[in-house]
Amino acid sequence: MENDYLISKNEFAKLSRIHDQHCVSIYVPTDRAGKEVDNKKGQITLKNCLKELKSKLKDYQLKDTEIEDYLSTAEDLLEDHHFWRNQSDCLVILLDKNKMMTYTLPINQPQLTYVADHFYLLPILPIFSYNGRFYLLNLSLNKVKFYEASRYSIEEVVVKGIVPEQLEEVVGYDYEKNHLQFRSGQGGEAGAIFHGQGSGKDHKAIETEKFFRAVDQSLKNIIKDDKTPLVLACVDHYYSLFKKITSHPKLYHKHINGNHEDTSPLLLHEMALEIVDDYFQKGRKSATVKLKEQSSVGKFSSDLNDIIPAALEGRIESLFIQKSNDRYGLYDIINRSLIIDEGHKAKQASLFNMAAIQTWLKDGNVFIVEKDKMPFNGTSINALFRY
């Protein structure tokens with residue numbers, strides 16, 4: 001069994017390309033702590049999912065002994081109490097004949113089981129598709145930390161040796177001495193007076209600016225694009241100073257105020273999400289406007305008969321799917337024909353899953369949205385075609 005707390009983009013792409021008999025996908029809503037964990041709510045949900053799967057696998061003509069053996073690794077999780085005390089919002093279990101993979105993810109997804117010749121990955125896709133990637137710089141004179149983050153994750157980037165992490169690394173550990181002069185007073189050494197070449201405040205401001213310039217220049221070695229916003233966590237006057245000197249064109253217009261030298265990455269992430277919500281919505285709103293504008297010139301469809309082949313051919317620029325909605329059926333690639341069914345029957349595929357994954361693999365944007373955020377009311381899937 002492979003157990004991961006997050007799923008990488010590369011891993012997701014590999015999973016999306018797996019095709020084999022009896023690929024099992026399980027989504028279990030979980031809790032981070034509290035009475036739900038103590039009362040084994042997650043284990044109970046998984047037990048119900050496994051019961052559903054046993055019934056579904058029978059439709060694939062598997063014998064009871066084969067089903068029990070196939071699901072045994074998932075059954076073992078029911079007794080792993082440590083495993084259940086280290087969850088996030090959703091446990092994803094993916095199982096095929098070779099191995100079982102589990103992912104603990106910060107997504108809200110109802111209980112779900114799925115059996116097909118591929119994995120059901122649609123609920124995971126928002127983590128990678130227009131989830132609002134941004135950089136986060138925790139800036140103070142004593143500690144600098146840099147993170148890559150999104151709506152669902154935050155990861156520290158090791159900057160030691162690349163970006164100065166303390167003021168002293170730039171101005172020297174004896175910088176206070178360098179700005180003081182000794183003058184003998186009447187009382188001899190005991191009455192010695194130290195004075196700077198100007199006020200202490202002026203020197204501190206000069207050194208701070210020098211430090212921030214060094215940090216900014218060093219970040220160029222890490223930040224390889226100029227389109228991703230940079231969010232600062234620092235006191236107000238540091239933000240004002242850094243804003244004046246930075247060369248990064250996308251310094252975010254809001255910052256996390258305060259000294260956060262000892263703030264955990266998870267708490268920083270939560271505070272960052274509160275101020276970047278408008279950035280998360282920008283891509284979706286822009287795509288919605290473009291889709292509506294292009295709907296009158298033949299570049300739009302809400303018909304799966306148009307959308308499925310377009311997704312497979314890489315012709316979809318943006319795809320909107322109504323959350324918690326789906327259609328099932330079979331698509332004949334050779335004859336380009338689609339059979340749609342109202343329910344999920346054995347050997348049928350989620351057509352929304354197919355459309356979304358294929359769009360994403362071919363560099364299209366996928367937005368999974370609530371009913372009232374769909375570009376056109378009364379539809380559950382909308383596509384904007386490239387051509």
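These notebook entries record what I looked up in the predicted model shown above.

**Entry 1. Ground rules**

I worked on a predicted model in which local features need pLDDT of at least 70 and side-chain atom pairs count only at pLDDT 80 or more, while totals for chains, interfaces and linings use all residues. Residues are numbered from 1 along each chain as its sequence is written, and side-chain values use heavy atoms, with hydrogens and water left out.

**Entry 2. The chain as a whole**

I began with the secondary structure and found 14 helices and 19 strands in the protein chain. Helices (H or I, at least four residues) and strands (E, at least two) are DSSP runs, numbered from the N terminus. Of the 387 residues in the protein chain, 47% are buried. I took buried as under 20% relative accessible area, exposed as over 50%, and partly exposed as in between (1.4 Å probe, protein chains only).

The accessible surface of the protein chain is about 20500 Å², and carbon and sulfur atoms hold 47% of that surface. The areas come from the Shrake-Rupley method with a 1.4 Å probe; for residues, only the protein chains shown count as cover. Among contacts with a separation of 6 or more, 66% join residues 24 or more positions apart. Contact means heavy atoms within 4.5 Å.

**Entry 3. Strand β2 and its partners**

I looked up the cover of strand β2 (residues 23-29) and noted that 6 of its 7 residues are buried. Which strands pair with β2? Strand β5 (residues 112-116) pairs with β2 in the antiparallel sense over 5 bridges, and strand β3 (residues 90-95) does so, also antiparallel, over 6 bridges. Two strands pair if DSSP finds at least two bridges between them. On the β5 side, Cys23 has Ala116 as its bridge partner. On the β3 side, Ile26 stands opposite Ile93.

I traced an open sheet of 5 strands in the order β8-β7-β6-β11-β12, with mixed pairing. Its edge strands are β8 (154-157) and β12 (256-257), each of which pairs on one side only. Helix α11 packs on this sheet and touches β6, β7, β8, β11 (230-234) and β12, with its direction at about 120 degrees to that of β6. For such angles, axes are lines fitted to C-alpha atoms, for helices over the stretch in contact, and the values run from 0 to 180 degrees between N-to-C directions.

Within the sheet, β6 and strand β7 (residues 144-149) run antiparallel and are joined by 6 bridges; Phe134 has Ala149 in β7 as its bridge partner. I then followed β7 into β8 through a hairpin of 4 residues. These two strands pair in the antiparallel sense over 4 bridges, and Glu148 stands opposite Glu155 in β8.

**Entry 4. Helix α12**

I checked the span of helix α12 (residues 277-294): its 18 residues reach 27 Å from first C-alpha to last, close to the 26 Å expected at 1.5 Å a residue. The expected span is 1.5 Å times one less than the number of residues. Where is the kink in α12 centred? I found the kink, of about 25 degrees, centred on Gly283. The bend at a residue is the angle between axes fitted to the seven residues ending there and the seven starting there.

Gly283 is also one of the buried residues of α12, with Phe280, Gln281, Arg284, Ala287, Thr288 and Leu291. The buried residues of this helix pack against β6 (134-139), α11 (265-275), β13 (300-301), β14 (316-322), β18 and β19 (381-385).

I traced another open sheet, of 3 strands, in the order β16-β15-β17 with antiparallel pairing. The edge strands, β16 and β17 (349-350), each pair on one side only. Between β15 and β17 there are 2 bridges, and Tyr328 has Ser350 as its bridge partner in β17. Helix α13 (residues 304-312) lies across β15 and β16 and runs at about 125 degrees to β16.

**Entry 5. Positive phi in loops**

I looked up two residues other than glycine with positive phi. Arg336 has phi near 50 degrees and sits in the loop between β15 (328-332) and β16 (337-341). Is Arg336 buried or partly exposed? Arg336 counts as partly exposed because its relative accessibility is 48%.

Asp363 has phi near 65 degrees and lies in the loop between α14 (351-361) and β18 (365-369). Asp363 is exposed, with a relative accessible area of 66%.
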